[in-house]
Every structure is written in C-alpha cells, then in structure tokens.
Amino acid sequence: DKMLRKSGGIGATGLRAVRSVRAVQAGARRSYTAPIKDMRFLRDEVFDFPGHYASLKFCNGDQATPDMVDMVIDENAKFAENVLAPLNDVADAEGCTYIDQNTIQTPKGFKEAYSKWNEGGWFGMTLPEQYGGQGLPPSLYMFVGEMLATANFTWTMFPGLSQGAFNTIALHASPELK
C-alpha cells in the first residue's frame, strides 16, 4: 500500500479497491447482517409507521399491516444476507466485462440474483396496481432499499435502473406504451 501511494498513485478509491481485491484473494469474505431490530424500533417506536400506513389513501396503506411489513423486512433481510452480500466478493474479483456494443457481462450470480428478486415480486412492491404492481406505500421501500444497498450497492443499481425506466415510462410515455 505504501508503495502504491508513493508511486503517485491510484488515489484513495483505487487503494480501497486494491485492498478489497487482496482480501478476496486471501479468502476473506465480507458479510452483512440486516439491522432488523433497529428497523422495527424505528418503524414502531419512533415514526409510528403502522399509524402512518393506515392513514394513506393514495396507495394500499391499509394492507401494510405490521405483520406484512415484518414479512417484507424478514424476507428481504434473508435475500440481502444470503444472496446479495456474498456477491460482493465475486463482483470485486470479476467486475463487469465488455463483450460488444450491445452486451456487458455482469459478475457471476448477478443475473440469477436479479431473477430471484423479480420472481419474488419485489420490484413491483410499490408500483401502481394498474401497471401490475402491488401498490404498497413507497416509504416501505426505505427498509428494503437500505438492506439491498448495504448488502451489495453494485447489484442494487440494477433494480434502481429498472425503477428509473419505469418512472420515465409512467410519467412520459403514451398511453399505448404504458
């Protein structure tokens, strides 16, 4: 590390990347444990999400019961801990590969994780029902997004790009395209 710094360097970001790759090569594994207890405390004791959700009229807030929200938190915690977090090491070691102007190969496991995410219906959780979503309160995604991004920020950009595409179509596309 000292030698890399002295050489005029790769900067702090590059140095972190080198250390991360070295950790992967040495067999170290990063892990993630979702802060479920903290999330429930914030939800119930600080922000009164159950009361907030029950009052929402523009979405299915009444369906966001504490039991249902617990299920969302628990299942997404499992996904973040068991599927996404282990992909960090693979992503650091492999990175994305440019194949041609139409193809980028993602690290092993990214495509499968994205398929699991969509199969679970998580992408549509807060999307309007008229477009095939569940219409749940958008604030519910704060818990989900926190876990996904903390477990594997790189992978989280994939559903983020899909959400951005959906938002663009929903706001600007013709009725036929929608």
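I began with the rule for a salt bridge, which is a side-chain nitrogen of Lys or Arg within 4 Å of a carboxyl oxygen of Asp or Glu. I noted that the model is predicted, that local features need pLDDT of at least 70 and side-chain atom pairs count only at pLDDT 80 or more, while totals for chains, interfaces and linings use all residues. I also noted that residues are numbered from 1 along each chain as its sequence is written, and that side-chain values use heavy atoms, with hydrogens and water left out.

**Entry 1: the chain as a whole**

I looked up the helices and strands, which are DSSP runs (H or I, at least four residues, for helices; E, at least two, for strands) numbered from the N terminus. The protein chain has nine helices and two strands, and along the sequence I read their order as α-α-α-α-α-α-β-β-α-α-α. Of the chain's 178 residues, 31% count as buried, where buried means under 20% relative accessible area, exposed means over 50% and partly exposed lies in between (1.4 Å probe, protein chains only). I then turned to contacts, meaning heavy atoms within 4.5 Å: among those between residues at least 6 apart in sequence, 63% join residues at least 24 apart.

**Entry 2: salt bridges**

How many salt bridges does the rule give? I found a count of six.

I looked at Asp44 and found a salt bridge with Arg43, their closest N and O atoms being 2.7 Å apart. Asp44 is partly exposed at 31% relative accessibility, whereas Arg43 is buried at 3%.

Next I took Asp70 and Arg40, whose side chains meet in a salt bridge at 2.7 Å, N to O. Asp70 belongs to helix 5 (residues 66–84) and Arg40 to helix 3 (residues 36–46), so this pair ties together parts that are 30 residues apart in sequence. Asp70 counts as buried at 18% relative accessibility, and Arg40 counts as partly exposed at 23%. I noted that Arg40, Arg43, Asp44, Asp70 and Asp74 are linked in a network of salt bridges.

I then looked up Glu94, which forms a salt bridge with Lys108, with 3.4 Å between the closest N and O atoms. This pair links distant parts of the chain, 14 residues apart, since Glu94 is in helix 6 (residues 87–94) and Lys108 is in the loop between strand 2 (103–105) and helix 7 (110–119). Glu94 is partly exposed at 34% relative accessible area, while Lys108 is exposed at 60%.

**Entry 3: helix 5 against helix 7**

For helix pairs I used axes that are lines fitted to C-alpha atoms over the stretch in contact, with angles running from 0 to 180 degrees between N-to-C directions. The axes of helix 5 and helix 7 come within 11 Å and cross at roughly 170 degrees, which makes the two helices roughly antiparallel, a word kept for angles over 145 degrees. I found that Asn76, Phe79, Val83 and Leu84 of helix 5 make the contact with Ala113, Lys116 and Trp117 of helix 7.

**Entry 4: helix 8 against helix 9**

How do helix 8 (residues 141–151) and helix 9 (residues 153–172) cross, and at what angle? Their axes come within 6 Å and cross at roughly 135 degrees, which makes helix 8 oblique to helix 9; oblique covers the angles left once those under 35 (roughly parallel), over 145 and 65 to 115 (roughly perpendicular) are taken out. I listed Leu148, Ala149 and Ala151 of helix 8 and Phe153, Trp155 and Thr156 of helix 9 as making the contact.
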